[in-house]
Amino acid sequence: ITDVSVEKGVITITATDDSNDTLYYNFDDGNDYVESNTATVTENKTYNLTVKDKAGNVSETWPVSIDVEATCTVTYKPTTPNSPEIKDGLIPVKWNGSAWVVTTTDDKEWYDYSRQEWANAVILKDGVTKTSGQTLTVPTSKSTATDIKAMFVWIPRYEYRIEGDYGKCGESVTLPGAIDIKFISKEQKNPSSNEYHINTAFWWDVDSDGDREAGEELSGIWVGKFETTGSSSAPTILPNLQSLRNQTTSQQFTTAQQLKVTGYDSHMAKNSEWGAVAYLSQSMYGKYGNPNYIGENKEVYPNNSYGDHGTFIYTGRSAGEPGKSNTSVSTNGTCNYDKTDDRGSGQGQCGGGASTTGNITGVYDMSGGASEYVMGYLEGTDASLPWGSTSGKNYAGFTEATKPESKYYDKYTSTTSTTACNGGVCYGHALSETSGWYSDYTEFVSSSWRWIERSSFSLVEDDAGVFCYASISGEAVDNRSFRIVLVVQ
């Protein structure tokens, strides 16, 4: 198969055949093969497109997610993601429709990125042991028990390109299109062409010397499934709990490292790592490619649990609709993250729609809920800023003595997002490349406000989103949280 195009439910295939035999196409499992290169489908879903020749030799199977109302549907040929890196500290899990179940790394149902099903893994609570096939308890409120300490989602290494101003099929800022993503091995250090870019999130500068050396490229990263919960001394990553807030950036950085995970470096998310998740969500592998969502519903739904100073911000909640105004904000949100029944009419799931996949396997709280500080700051000529400042506008709590190694943060060199990475675009950081997508609010760092925050909180739901970014002081605020990321040591 060399190309697939879709317009209002009509699939057209272009394929090559060296033997010049008649080609037969199958547009879904169980149907007869037909001698045609077009077919009309009427249901929004992912079809298995298979090609074989007259002798019955199958060429390949290509998942195609169909939106029957769209005049353009994303049909990039799927690539194979790197296998999730599981060390002793993580346990692979999958969703069985009603509960999380322990699985194994060779389970073919663990993940399928071509169907927007991302790999999940957990850290078990101290003293808890589980074997394959056993179910896990997850808190439904702060008073319920749990087997799990933290939940993570695998973001495989990829290269990407953005076609036009708003991605492929993008109509406007309010209805952006798909980001073309190709999964690549960690041995591929450079993009395949000038059109593609590789986010620096997939480079872990082990010795913090600024040079990309052998052994420093990553197969992928494990990203906290929810905003951080728990306490500063015992952080967790769990749904249906209030996120951990009211810490300076330096306190958040220290808290993230308290989540000790054997075989991994646990750290506060960098801005580039946030961007890696955001771009994958806006691809055929993420919520944008999920055929259960149409039009504006392809936007990751915001967590609308009440976000005013210090009250009622619960992880994983959603109203099950795109960002509107704060009139829809409620004390607890409407849907829990595991409310996964399909409502039809292109709305998808109420709870799952707030994840980066449109289902329960994705990353939550990347729109609304609490704003999230990330490790990204503006480098200044004044050595006391931002690391040593104690002023209200720049207080992050770091000092020169406690300044982290450079591998733990993204450094920006100008106040203009198009030139902030050593005079050029910060590729993959979800800054200038996706500025304003879904009408998300954008404000880059300045000499007065040197740190970056993402997502925005639920009271400004109409501005919130995975592509929202703003400048901030790094001081402790009671509606600001953060996210934890793991990389293999």
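Q: What is the relative accessible area of cysteine 421?
A: This is a predicted model, with residues numbered from 1 along each chain as its sequence is written; local features need pLDDT of at least 70, side-chain atom pairs count only at pLDDT 80 or more, and totals for chains, interfaces and linings use all residues. Side-chain values use heavy atoms, with hydrogens and water left out. A residue is buried under 20% relative accessible area, exposed over 50% and partly exposed in between (1.4 Å probe, protein chains only). Cysteine 421 counts as partly exposed because its relative accessible area is 21%.

Q: Which cysteine forms a disulfide with cysteine 421?
A: A disulfide is taken here as a pair of cysteine sulfur atoms within 2.5 Å. The sulfur of cysteine 421 has such a partner 2.2 Å away, and the link is right-handed, with 110° about the S-S bond.

Q: How many disulfides does a search of the whole structure find?
A: Another is formed by cysteine 335 and cysteine 350, whose sulfur atoms lie 1.8 Å apart. For the whole structure, the number of disulfides is two.

Q: Why is the disulfide of cysteine 335 and cysteine 350 called right-handed?
A: Both cysteines of this pair are buried. The handedness follows from the torsion about the S-S bond. The disulfide of cysteine 335 and cysteine 350 is right-handed because that torsion is about 80°.

Q: How many residues of helix H2 are buried?
A: Helices (H or I, at least four residues) and strands (E, at least two) are DSSP runs, numbered from the N terminus. H2 covers residues 271–281 and is mostly covered. Its buried residues include Asn271, Glu273, Trp274, Tyr279 and Ser281. Of the eleven residues in H2, the number buried is eleven.

Q: Which residue has a backbone oxygen 3.4 Å from a polar atom of the side chain of asparagine 271?
A: Asparagine 271 has its place in helix H2 and counts as buried because its relative accessibility is 0%. It touches (heavy atoms within 4.5 Å) residues beyond four places away in sequence, among them Val374, Asp410, Ile452 and Arg454. A polar contact is a pair of N or O atoms within 3.5 Å; within protein, one must be able to donate a hydrogen and the other to accept it, and residues adjacent in sequence count only if both atoms are side-chain atoms. The backbone oxygen 3.4 Å from the side chain of asparagine 271 belongs to histidine 429.

Q: What is the volume of the largest cavity?
A: On a 1 Å grid over the protein atoms alone, a cavity is a set of points where a 1.4 Å probe fits but cannot get out, a pocket is an open set with protein on both sides within 12 Å along at least five of seven lines, and lining residues have an atom within 4 Å of a point. Points are joined across faces, edges and corners, and a volume is the space filled by probe spheres set on them. There are two cavities of 30 Å³ or more. The volume of the largest is about 40 Å³.

Q: Which element gives the most to the lining of the largest cavity?
A: The lining consists of Val223, Ala269, Glu273, Trp274, Val277, Met366, Arg483 and Val485. By class, it has six nonpolar residues (Ala, Val, Leu, Ile, Met, Phe, Trp, Tyr, Cys and Pro), two charged (Asp, Glu, Lys and Arg) and no polar ones (the others, Gly among them). With three residues, the element that gives the most is H2.

Q: How many charged residues line the second largest cavity?
A: The second largest cavity has a volume of about 30 Å³. Ser281, Lys287, Tyr288 and Glu299 are among the residues that line it. Four of its lining residues are nonpolar and two are polar, while the number of charged ones is three.

Q: What volume of space lies in the largest pocket?
A: The largest pocket is lined by 22 residues, and Thr200, Trp203, Asp410, Lys411 and Asn422 lie nearest its centre. The lining has nine nonpolar, seven polar and six charged residues. The space in this pocket is about 660 Å³.

Q: What is the phi of serine 455?
A: Most residues other than glycine have a negative phi. Serine 455 lies in strand E20 (residues 451–455) and is buried, with a relative accessible area of 0%. Its phi is positive although it is not a glycine, at about 80°.
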